[in-house]
Amino acid sequence: MKTLAILSRKGGTGKTTLAVHLAVAAWRSGRGVLLADCDRQGSAAEWRRERTVPGPSIFAAKPAALFATQLAAERAGRDLLLIDTSPSANEDLADAVRCADYCLMVLRPSFLDVRAVRETAEMVSRFGKPGAFVINQAPSRRNGKEMACVGEAVSQLSGMGHPILPIGLRARVAYQQAVAEGLSVQETAPSSAAALEIGGLWRLVEARLWPAPEPELGPDF
Ligand SMILES: Nc1ncnc2c1ncn2[C@@H]1O[C@H](COP(=O)(O)OP(=O)(O)O)[C@@H](O)[C@H]1O
Ligand SMILES: [Mg+2]
C-alpha cells in the first residue's frame, strides 16, 4: 500500500478539491482507495455525503492516529491511503509527512502561497520524503501564453528542492460544481479539459507512487 499526503499550511489552496479528485481517479483506475480526512472541518467527508454513487471510502482521521490508520488500511488490503490535511499546526503536518510515501504540496500561483509553502517544502525535505509542488487555480493561458504569476511562482519554487509537476489544475468552475455534487469532473464532464487535466495528473502521481521496474538486462549485455 502507498500513502499520498496532500499538504499546505494555507487554507483554500485546493487540498480537498485535489484530494477528492485524485481519490476518484485512483478508484476509477481500480485501486482500493481510502481517503483520510484530517481536517476538522470535514470538507472531504461533506463531499462524500453528497455522493449518491459508489466511490472511494472516506473517514475522519486524527493526524496523531495516522500511523495506526495506515496499518489498518494495509491490513484491509487497500492500495492507496490518501491524506487530506488541514491548514494546520506543524505537528499535524509532520504526522502526515511521516506516514507519506509521496507528498503533494498544493499552492496557487500567488506571492503569499509561494511564501507559505516554503516551510512545508523544508519539512518534506527534512523527513527525506519525495514530493512535488502542484500549482492549483492557475489562470488560463492568454493567447497561448501563461500569465506572469505562473512564471513567477515557477521561478520561486525552483529553488525549494522539489520538482513542480508539469500538470496542475487551472481555475475552473467545473471543479466547484463537481465537488458540490459529490462527484469528480471525470464523472460530470468526462471529455472536458478539467477531466483531462485530472486524468493526466493522476497518471503522473501514480507513476511516482508505483514506479515501473527497471527492465532486466538481457543476455547480450
Ligand atoms: N482548480 C480550481 N478551480 C476553481 N476553484 C477551485 C479550484 N480548486 C479549488 N477551488 C475552490 O477554492 C476553494 C478552496 O478549495 P479547497 O479544496 O476547499 O481548499 P483547501 O482544502 O486547501 O482549503 C473552494 O471554494 C474550491 O471550490
Ligand atoms: Mg480542505
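The questions below ask how terms apply to this predicted model.

This is a predicted model in which local features need pLDDT of at least 70 and side-chain atom pairs count only at pLDDT 80 or more, while totals for chains, interfaces and linings use all residues. Residues are numbered from 1 along each chain as its sequence is written, chains are lettered from A and ligands numbered from 1 in the order in which they are written, and side-chain values use heavy atoms, with hydrogens and water left out.

Q: Why is Q137 called partly exposed?
A: Buried means under 20% relative accessible area and exposed over 50%, with partly exposed in between (1.4 Å probe, protein chains only). Q137 has 35% relative accessibility, so the residue counts as partly exposed. Q137 lies in strand β6, residues 131-138 (a strand is a DSSP run of E with at least two residues, a helix a run of H or I with at least four, numbered from the N terminus). Its phi is near 60°, a positive value in a residue other than glycine.

Q: What makes N143 exposed?
A: The relative accessible area of N143 is 82%, so N143 is exposed. N143 sits in the loop between β6 and α6 (148-157), and has a positive phi of about 50° although it is not a glycine.

Q: How do you know that β2 and β3 pair?
A: Two strands pair if DSSP finds at least two bridges between them. Strand β2 (residues 33-37) and β3 are joined by 4 bridges in the parallel sense, so they pair. S57 in β3 is the bridge partner of L34, and I58 in β3 stands opposite L35.

Q: Why do β3 and β7 stand at the edges?
A: The open sheet has 7 strands in the order β3-β2-β4-β1-β5-β6-β7, with parallel pairing. β3 (57-60) and β7 (169-170) each have a single partner strand, so one side of each lacks a neighbour in the sheet.

Q: What makes the contact between N136 and ligand 1 a polar contact?
A: A polar contact is a pair of N or O atoms within 3.5 Å; within protein, one must be able to donate a hydrogen and the other to accept it, and residues adjacent in sequence count only if both atoms are side-chain atoms. A polar side-chain atom of N136 lies 2.9 Å from a nitrogen atom of ligand 1, so the pair qualifies. Q176 also places a polar side-chain atom 2.9 Å from a nitrogen atom of ligand 1.
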